[in-house]
Amino acid sequence: MEELCLILFGWLLGLLSPTVTGVIKNRNERKILFSAICTESKDLQYRVAITSYDIMKKYGDLSKDYIIWLKQIVSHYSGSESKTVFEDVLTKFSNFNEEEIENVKPYIKQKEGVMVFLKHVEMTFVENNLFRLVLLPVELQQYIHEVRNHVSILNQSIKRIDEYFFMTFDSSFSDENSNRLNENITREYSDILDRYIIIADKLQLILDYQI
């Protein structure tokens, strides 16, 4: 009887070993995948936040809440891009009250007629590993796909801005059409600014996720 029990036990271990090995393998692969996604997310969050500041200076309404929001992202960034000077500026701004911020706006605002040139945003690692996202929890997959959707909308807006830029050189435009074009540019930049902030906040959901 004892020998029979040992045989059955060994047989069960043989059946379970591949399953246990697969679970451990998937768990390790999940952690590695999530770590890489977080690295890309943190870098992307920093870049969209910094770019949002360039647009905010010209087309947005700089506020203390925005400065605190931006400072938090910059402070937590630990990538390869230099942030020391900019972080010092934000630290100084964050100590201003609303009246002082209003007073400083004219000095940091870009000149009229100067457009902010924007690069298309990419999530290269995520896009190249879409088939592996099934390893992640469904909620986390949802966060990632929400960012992808917002990035797609953002890049469409950036493409329109590029088209508007070339249209500004069209000398055949009447004053009315030029004014309408400038209104479109301002509205598009405002939408892009909002989209940058949304993407940065959505990326934070990924970075805060616990696996």
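Predicted model: local features only at pLDDT ≥ 70, side-chain atom pairs only at ≥ 80, totals over all residues.

Let me start with helix α2 and helix α3, which is residues 84-94. The two pack at an angle of about 145 degrees, and their axes are 9 Å apart. The crossing of α2 and α3 is left-handed. On the α2 side, the contact is made by K64, I67, L70, K71, V74 and S75. On the α3 side, the residues are F86, E87, L90, T91, F93 and S94. Sorted by class, this contact of α2 with α3 has six nonpolar, three polar and three charged residues.

Helix α2 covers residues 64-76, and it packs with helix α7, residues 175-208, at an angle of about 45 degrees with the axes 12 Å apart. That angle makes α2 oblique to α7. The crossing of α2 and α7 is left-handed. Which residues meet here? Y66, W69 and I73 in α2 meet I197, A200 and D201 in α7. The residues of this contact of α2 with α7 divide into five nonpolar, no polar and one charged.

While we are on α7, look at L205, which lies in that helix. L205 has 35% relative accessibility, so it counts as partly exposed. Its C-alpha atom is separated by 8.4 Å from that of L140, and L205 and L140 are 65 residues apart along the chain.

Now the charged pairs. Side chains of opposite charge can pair when their charged atoms come close.

K105 and E102 are three residues apart in helix α4, residues 98-108, so about one helical turn separates them. Is K105 buried or exposed? With a relative accessible area of 16%, K105 is buried. E102 counts as partly exposed, at 44% relative accessibility. This pair also belongs to a network of salt bridges that links D61, E102 and K105.

The next pair is R148 with E127, again a salt bridge, and its closest N and O atoms are 2.7 Å apart. R148 lies in helix α6, residues 138-167, and E127 in helix α5, residues 124-128, so the pair ties together parts that are 21 residues apart in sequence. As for accessibility, R148 counts as partly exposed at 24%. E127 is partly exposed too, with a relative accessible area of 38%.

The last pair brings us back to α7. The side chains of K202 and E146 meet in a salt bridge, with 3.1 Å from N to O. K202 is in helix α7 and E146 in helix α6, and this pair links distant parts of the chain, 56 residues apart. K202 has 23% relative accessibility and counts as partly exposed. E146, at 22% relative accessibility, also counts as partly exposed.

To recap the α2 contacts, α2 packs against α3 at about 145 degrees and against α7 at about 45 degrees. That is what I have, and I am happy to go back to any of these contacts.

Notes
Residues numbered from 1 in each chain as written. Heavy atoms only, no water. Axes fitted to C-alpha atoms, helices over the stretch in contact; angles between N-to-C directions. Helix = DSSP H or I, 4+ residues; strand = E, 2+ residues; numbered from the N terminus. Parallel < 35°, antiparallel > 145°, perpendicular 65-115°, else oblique. Left-handed = near helix turned anticlockwise from the far one by under 90°. Contact = heavy atoms within 4.5 Å. Nonpolar A, V, L, I, M, F, W, Y, C, P; charged D, E, K, R; others polar. Buried < 20%, exposed > 50% of the residue type's maximum accessible area, 1.4 Å probe, protein only. Salt bridge = Lys/Arg side-chain N within 4 Å of Asp/Glu carboxyl O.
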